[in-house]
Amino acid sequence: MLKLFRATAILEGISYLLLFGMTMPLKHWADIPEPNQTVGMAHGILFILYVVVAVIFCWERKWKLKRFIILFIASLLPFGTFYADKKYLRNLD
């Protein structure tokens, strides 16, 4: 479950950065909305998957609600999932 959660966190973080760093500027400044639709859908799916896997992972580890909330907030911030991976997940192997 740890490998799945770490992979999901990294992919979600990458999709978030792609969405805000590449496709949204294309949509609003260059009038090219198609990449935003595709990356936006992928990011939405990855975000939901991240939250679901975080719930299951925290439940299995018997972590307190506070740690889940930190992991959830990390998914809302740019580079947040990378920080969560480094701070909370990397050393669990």
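Visitor: Let me start with Trp63: does this residue count as buried or exposed, and what is its relative accessibility?

Guide: Trp63 counts as buried, with 17% relative accessibility. The cut-off for buried is under 20%. Keep in mind that we are reading a predicted model.

Visitor: Which charged residue lies over the face of Trp63?

Guide: To read such a contact, look from the ring centre along the ring normal towards CZ of an Arg or NZ of a Lys. Here Arg67 takes that place over the face of Trp63, 4.5 Å from the ring centre.

Visitor: And how many aromatic pairs does the structure hold?

Guide: There are seven aromatic pairs. Tyr16 and Phe20 make up an edge-to-face pair, with 4.9 Å centre to centre and 80 degrees between the planes. An angle over 60 degrees is what counts as edge-to-face.

Visitor: Where do Tyr16 and Phe20 sit in helix 1?

Guide: Helix 1 spans residues 2-29, and these two are four residues apart in it, so about one helical turn separates Tyr16 from Phe20.

Visitor: What kind of pair do Phe57 and Trp63 form?

Guide: Their ring centres are 5.2 Å apart and their planes meet at 85 degrees, so Phe57 and Trp63 are edge-to-face. Phe57 is buried, at 1% relative accessibility.

Definitions and conventions. Residues numbered from 1 in each chain as written. Predicted model: local features only at pLDDT ≥ 70, side-chain atom pairs only at ≥ 80, totals over all residues. Heavy atoms only, no water. Phe/Tyr/Trp six-rings, centres within 6.5 Å; stacked < 30°, edge-to-face > 60°. Buried < 20%, exposed > 50% of the residue type's maximum accessible area, 1.4 Å probe, protein only. Lys NZ or Arg CZ within 6 Å of the ring centre and 35° of its normal.
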